[in-house]
Amino acid sequence: MIDSNMLQSDELRRYFKQESGNLAILPDFAWYELYKQQSLEGLRLGLSVVGDYAEQVILLRSGRQISSLDPAVAEDLKRLVFEGPKGEIGELVRLVRSDEPMGDLAAAQLNSLWDWARALQPSLIEGAMDIAVSFPEMQEQMFNHQELRIIRTNGKYTEEMVFTIFGAALQIWETLAGYYEIEWEGLDETLVCRAYLFRYALGIVINLLWWIRGGSQAVVRMDRMSNDLIDLGFAVYATYFDGLFTRDEKAAWVHANLVAAIASFRDIHSAD
């Protein structure tokens, strides 16, 4: 999974060149980051590396489609990958790199993608505000003073803390599953942990832990919180593949802890 901050990197280019079987996974959030610039030059730069290795790039289906998958099949990679026309990325790269004037149809399609990114931004900010407001209440309800100290000093979590974290994630999952009309009542936890929405819910709780580690400071910059949610999306998608390629320390930490938490949750409930 390639974080948007790596799209123009020499590391990504070396990764592609190292072996033709090295693949890059791009989710819809990567395209949001590219299209929100509303700039042809920004798009050209963003595709400067992947455009040279278009055959090694795999696109994912939309976040809504992946979120709506039945948990029983949520780990089936064929259900996650977008099966669009072969060469679609190559064609986009050819268009943005061309010095020729863009045709009316291509220009209209590009404008619609810019509009999509512009329309998505307010909902991301709104989501960021909701989570920022909820963090102090979640901290108070979930952890006592001794447990907060354990989190802030990187101590070993108690068994009770682990179950509290998983319980909070399940509550968030149930809310999200209801919104996406997924039948969650009575669903076995070994299936729940396959679902994108459960992993996203668990990621929100892991973001809470990062916030507590940093001193539980009030969130002022909602644009940064919004970026954190986008990074969380990358981290969750990456749990279905072979890791997250990122320069962002927080995103890497969230991903590593999310992978460990999913494995722990699965082990606990497989033993039931």
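## The start and end of H8

In this predicted model, asparagine 144 caps the N-terminal end of helix H8. One of the side-chain oxygens of asparagine 144 lies 3.1 Å from the backbone nitrogen of glutamine 146. The helix itself covers residues 145-152. Just after H8, asparagine 154 has a positive phi of about 55°.

Four residues of H8 are buried, namely Glu147, Leu148, Ile150 and Ile151. They span an arc of only 155° around the axis and therefore sit on the same side of H8. An α-helix has 3.6 residues a turn, so residues three or four places apart point the same way.

The face of H8 turned away from the buried side carries His145, Gln146 and Arg149, which are exposed. The cover over the buried residues of H8 includes H7, helix H9 (159-179) and helix H11 (196-213).

## Glutamine 139 in H7

Glutamine 139 belongs to helix H7. Its relative accessibility is 14%, and it therefore counts as buried, the cut-off being under 20%. The side chain of glutamine 139 makes a polar contact with the side chain of serine 216, at 2.5 Å.

Apart from neighbours within four places in sequence, glutamine 139 is in contact with Leu148, Arg152, Leu208, Trp211, Ile212 and Ser216.

## Packing of H7 against H12

Helix H7 runs over residues 104-142 and helix H12 over residues 222-238. The two pack at an angle of about 95°, and their axes are 8 Å apart. H7 and H12 are therefore roughly perpendicular to each other, since angles of 65 to 115 degrees fall in that class. On the H7 side the contact is made by Leu124, Ile125, Gly127, Ala128, Met129, Ile131, Ala132 and Phe135. H12 contributes Met222, Asp223, Met225, Ser226, Leu229 and Ile230. By type, the residues of this contact divide into eleven nonpolar, two polar and one charged.

Leucine 229 is placed in H12 and takes part in the contact with H7. With a relative accessible area of 8%, leucine 229 is buried. Leaving out neighbours within four places in sequence, leucine 229 touches Leu124, Gly127, Ala128, Ile131 and Tyr200. Among these, Leu124, Gly127, Ala128 and Ile131 are listed on the H7 side of the helix contact. Tyrosine 200 is 29 residues from leucine 229 in sequence, and the C-alpha atoms of the two are 9.5 Å apart.

## Serine 67 in H4

Serine 67 is located in helix H4, residues 63-67. At 6% relative accessibility, serine 67 counts as buried. Not counting residues up to four places away in sequence, serine 67 touches Tyr180, Ile182, Tyr196 and Leu197. Serine 67 and leucine 197 are 130 residues apart along the chain, while 5.8 Å separates their C-alpha atoms.

## Burial of H2

Helix H2, residues 28-35, is mostly covered, with eight of its eight residues buried. The buried residues are Asp28, Phe29, Ala30, Trp31, Tyr32, Glu33, Leu34 and Tyr35. For H8, by contrast, exposed residues are found on the face turned away from the buried side.

Technical notes:
Residues are numbered from 1 along each chain as its sequence is written. This is a predicted model: local features need pLDDT of at least 70, side-chain atom pairs count only at pLDDT 80 or more; totals for chains, interfaces and linings use all residues. Side-chain values use heavy atoms; hydrogens and water are left out. Axes are lines fitted to C-alpha atoms, for helices over the stretch in contact, and angles run from 0 to 180 degrees between N-to-C directions. Angles under 35 degrees count as roughly parallel, over 145 as roughly antiparallel, 65 to 115 as roughly perpendicular and the rest as oblique. Contact means heavy atoms within 4.5 Å. Ala, Val, Leu, Ile, Met, Phe, Trp, Tyr, Cys and Pro count as nonpolar, Asp, Glu, Lys and Arg as charged, and the others, Gly among them, as polar. Buried means under 20% relative accessible area, exposed over 50%, partly exposed in between (1.4 Å probe, protein chains only). The arc is that of the directions from the helix axis to the C-beta atoms. A polar contact is a pair of N or O atoms within 3.5 Å; within protein, one must be able to donate a hydrogen and the other to accept it, and residues adjacent in sequence count only if both atoms are side-chain atoms.
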